[in-house]
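Here is a short report on one protein model. It covers a helix pair, then the overall fold.

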Amino acid sequence: MTTPEPVNQTSAAGFDEATKARLIETNGIDIISESERTAKPRDLFWPWFAANVSVFGMSYAAFIYGFGVSFVQGVVVTVIGVVVSFLLCGIIAIAGKRGSVPTMVLSRAAFGVHGQKVPGVVSWFLSIGWETFLAIMAVLATGTVFARLGFGEGNGIKIVAAVAVAALIVAAAVLGYHTIMKLQSVLTWITGAITIVYMALTFSHINWSAVLAIPNGDVAAVIGALTMVMTGFGLGWINIAADWSRYQHRDAPNGQIVLWNTLGGSVAPVILVIYGLLLAGSDPALAEGITADPIGTLAGILPIWVLIPFWLTAVLALVSGAVLGIYSSGLTLLSLGIRIPRPAAALIDGIILTLGTIWVVFFAESFLGPFQSFLLILGVPMAAWAGILIADILTRREPYDEAALFDASGRYGAFDWLSIGTLVGATIIGWGLVVNNFAGDAPWANWQGYLLQPLGLGTRTVVDGVEQWDGSWPWANLGVLFALVLGFVITWFGRRGTIARQEGRA
């Protein structure tokens with residue numbers, strides 16, 4: 001018989017009083033003890049709101065308009081895309097309450113104890129990518145704002161910013177859950193207040209006639225914009241959704257878990273993106289600038305006296321999101337079998353984040369394009385994984401056998417080949433239905449979209465060595481939605497018997 005993986009890697013008794021006083025979380029991928037499950041559903045509002053109340057959310061408006069949709073269509077895809085994507089996060093958060101362990105350990109119930117490492121590796125790379133992106137945006141925003149204040153654009157300011165941002169992110173992630181929850185509740189009020197001030201000061205820039213004159217796009221354009229919004233918001237966080245609910249009381253209502261997760265994640269982005277649609281639709285130059293320098297461009301329409309509060313808000317909001325990402329990427333690293341304490345895992349990811357930030361800020365000639373291409377490649381298998389896990393969670397009727405999540409010989413087994421096969425198959429098909437939006441900047445990603453031309457959804461050509469696509473559907477990112485739906489449907493119908501046997505119902 002296989003020896004079960006130790007459930008508690010650092011402390012079998014949970015927190016002692018000294019640890020609580022230091023606010024250092026010693027739990028890694030441990031099963032959270034009953035005495036520590038003190039959180040309430042409404043507590044989920046704070047981390048999700050603070051991580052998504054960034055003014056950076058306004059920049060998504062320029063990306064939405066890039067698909068060729070109107071203001072009204074942009075509002076519709078924003079509301080639907082943001083709310084639905086965070087609703088899916090809320091469903092996965094239910095598993096955290098049921099299973100008392102992080103998301104990527106709970107996923108072992110669907111993929112097997114060892115089989116889970118397949119999506120686990122993808123999740124780790126995705127989390128590392130997102131948290132590094134947010135740190136880079138914070139550093140670049142610092143350079144832009146301080147340059148406008150007359151301090152120049154030298155590397156000195158960026159070096160200080162890079163060190164400070166990385167230190168804040170890593171310190172909070174190392175301290176862990178309880179510190180992060182307190183930090184996020186404070187940041188919520190600060191960033192929310194300054195964001196309201198920003199909107200009040202820039203409201204005069206809105207040109208309603210110009211906004212309402214933007215023509216409607218076709219169905220493919222709307223679907224493309226919707227997919228982008230879902231991927232940029234809820235689906236970008238979905239692989240860590242249960243990490244923040246594993247401290248909930250076991251009797252917390254599922255509906256309350258979903259509600260507060262969805263509300264916390266979606267309320268700020270919906271308002272910010274719609275406001276961004278008004279600003280970007282009023283000024284084409286503003287919309288164009290956002291695609292290259294989101295924070296700096298948004299700061300450019302502010303009076304000088306408010307730049308420091310704006311900068312602080314922008315940086316703190318970006319740091320807030322990065323803290324959630326690096327905390328969870330550390331947990332994912334542990335779920336892959338790395339036997340180190342959770343703070344050490346967060347520190348390792350912090351070092352990677354710091355090195356990535358320094359390389360991009362000071363040495364990379366092009367960043368946004370290759371990064372977006374990288375995220376799209378990982379986004380397809382993560383969408384398939386999300387569909388599989390959501391169906392698995394909705395099918396279950398009983399709490400998880402927590403010990404079996406660490407035992408390859410237990411009820412969840414070592415590998416679930418249907419789930420693994422579904423993930424691989426949905427990913428292969430999904431990659432064939434998406435194209436690289438930055439073909440010139442990231443030619444290494446131009447291998448995607450291989451199913452579009454055979455299916456009559458677009459025509460691929462190469463002009464001066466750069467891939468180009470004719471037609472609307474190649475830009476609709478159909479592969480992401482297809483992978484999500486296919487993963488859900490196959491699991492919903494194909495694993496019902498397996499789940500019933502796991503729960504002793506068959």
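## Terms and model

Angles under 35 degrees count as roughly parallel, over 145 as roughly antiparallel, 65 to 115 as roughly perpendicular, and the rest as oblique. Axes are lines fitted to C-alpha atoms, for helices over the stretch in contact, and angles run from 0 to 180 degrees between N-to-C directions.

This is a predicted model: local features need pLDDT of at least 70, side-chain atom pairs count only at pLDDT 80 or more, and totals for chains, interfaces and linings use all residues. Residues are numbered from 1 along each chain as its sequence is written, and side-chain values use heavy atoms, leaving out hydrogens and water.

## The α7 and α8 pair

Helix α7 spans residues 117–151 and helix α8 spans residues 155–175. Their axes come within 9 Å and cross at roughly 140°. α7 and α8 are therefore oblique to each other.

From α7, the contact (heavy atoms within 4.5 Å) uses Ala135, Ala138, Val139, Thr142, Gly143, Phe146 and Phe151. From α8 come Ile157, Lys158, Ala161, Ala162, Val165 and Ile169. The contact residues of α7 with α8 split into ten nonpolar, two polar and one charged. Ala, Val, Leu, Ile, Met, Phe, Trp, Tyr, Cys and Pro count as nonpolar, Asp, Glu, Lys and Arg as charged, and the others, Gly among them, as polar.

## Overall fold

The protein has 21 helices and two strands. Helices are DSSP runs of H or I with at least four residues; strands are runs of E with at least two, and both are numbered from the N terminus. Along the principal axes, the C-alpha atoms fill a box of roughly 65 × 60 × 40 Å.

Of the 506 residues, 58% are buried, meaning under 20% relative accessible area with a 1.4 Å probe, protein chains only.

How values were computed. Buried means under 20% relative accessible area, exposed over 50%, partly exposed in between (1.4 Å probe, protein chains only).
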